[in-house]
Amino acid sequence: MSEGWLALIQQALSLLFSLDPDVWSIVSVSFSVSLAALAITLIPSMILGFVLAFARFPGRWFATNLVQTTQSIPTVVIGLLVYLMLTRMGPLGDLKWLFTQKGMILGQMMICAPVLIAMSQAAFTSVDKRAWETSRTLGASWLRSVWLVCRELKVPLLMAIVAAFSRILTEVGCSMMVGGNIAGVTRNIPTAIALETSKGDFAQAIALGLVLLILALVLNFTLGTLRGRAEPRSL
């Protein structure tokens, strides 16, 4: 590795360990927005995934394929849609959420929901429906039965949550369009990396990239541990 690379990495680590206010402000905005979007979307999306897996109703095939399709829409297209909704002439223009964290949360909710619905539907579909029917036959309430099924599927459901969180935490297109990349307000990790790289400030970009890398390692090792503990039970 060249001395230039080593110097950049040292600068990046220095920014992180010295608690540089600019870097950690960006990290704070990124996590607060993405966690809020995930928290708001989580329960309704899981319920929809459950309904699509267990219920039989007209239009179920169409709804399932619609959810699958929305997963593959580029985030910049979702950002364009949210932007048009939040502009002064748009249907949500009175909210004045454009270039605010609330607008970013709305955009990330639209990105997060299809991932959660599709992955939770796949998880619920894989479970033995007799577990649900047995709990209901034994007199368990609807909520109690759902809770029992979710406990059996805690690993795949956690994987769905991690996948959704990773997607919204690392997306650039929607945050850039709806948030506007305003320093200290709507600048998050992906938009900051894109900006600092274009400016040639690679140290800050590497520092922010390291935060995402460490988060990815922690989440994947945690999931790997949970999956390993769950496997003997499923045999």
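This briefing walks through the main features of the protein shown above, topic by topic. The model is predicted. The protein has 11 helices and zero strands, and buried residues make up 38% of its 235 residues.

**Overall layout**

- Read from the N terminus, the elements run α-α-α-α-α-α-α-α-α-α-α.
- The C-alpha trace spans about 65 × 50 × 25 Å along its principal axes.

**What the UniProt record lists**

- An unreviewed UniProt entry gives residues 27-223 as "domain: ABC transmembrane type-1".
- In the model, residues 27-223 are 79% helix and 0% strand, with 23 Å between the end C-alpha atoms.
- The unreviewed entry also lists "transmembrane region" for residues 35-54, 66-86, 106-127, 157-182 and 202-223.
- One of these spans, residues 35-54, is 100% helix and 0% strand, and its end C-alpha atoms lie 28 Å apart.
- Another, residues 157-182, is 81% helix and 0% strand, with its end C-alpha atoms 34 Å apart.

**Aromatic rings**

- Six aromatic pairs are found in the structure.
- The pair F50 and F54 counts as stacked because the ring centres are 4.5 Å apart and the planes meet at 20 degrees, while the cut-off for stacking is under 30 degrees.
- Both F50 and F54 belong to helix α2 (residues 21-54), where they sit four residues apart, about one turn of the helix.
- F50 and F54 are both buried.
- Ring pairs also build a cluster, which links F50, F54, F124 and W142.

**The salt bridge**

- How many salt bridges are there in the structure? The count comes to one salt bridge.
- Its partners are K199 and E196, whose side chains meet at 3.5 Å, N to O.
- K199 and E196 are three residues apart in helix α10 (residues 189-199), so about one helical turn separates them.
- Is K199 buried or exposed? K199 has 55% relative accessibility, so K199 counts as exposed.
- E196, by contrast, is buried, with a relative accessible area of 4%.

**A buried arginine**

- R187 is found in the loop between α9 (173-179) and α10.
- R187 is buried but has no salt bridge.
- What does the side chain of R187 make a polar contact with? The partner is the side chain of N181, at 3.1 Å.
- Leaving out residues up to four places away in sequence, R187 touches I26, V29, N181, I182, A192, L195 and E196.

**A valine in helix α5**

- V115 lies in helix α5, which covers residues 101-126.
- With 7% relative accessibility, V115 counts as buried.
- Which residues does V115 contact, leaving aside neighbours within four places in sequence? They are Q71, A163, A164 and R167.
- V115 and S14 are 101 residues apart in sequence, and their C-alpha atoms are 36 Å apart in space.

Methods
Residues numbered from 1 in each chain as written. Predicted model: local features only at pLDDT ≥ 70, side-chain atom pairs only at ≥ 80, totals over all residues. Heavy atoms only, no water. Phe/Tyr/Trp six-rings, centres within 6.5 Å; stacked < 30°, edge-to-face > 60°. Helix = DSSP H or I, 4+ residues; strand = E, 2+ residues; numbered from the N terminus. Buried < 20%, exposed > 50% of the residue type's maximum accessible area, 1.4 Å probe, protein only. UniProt positions renumbered as here; feature names shortened; annotations may be inferred. Salt bridge = Lys/Arg side-chain N within 4 Å of Asp/Glu carboxyl O. Lys, Arg positive; Asp, Glu negative; His and termini not counted. Polar contact = N/O pair within 3.5 Å; in protein donor to acceptor, adjacent residues only side chain to side chain. Contact = heavy atoms within 4.5 Å.
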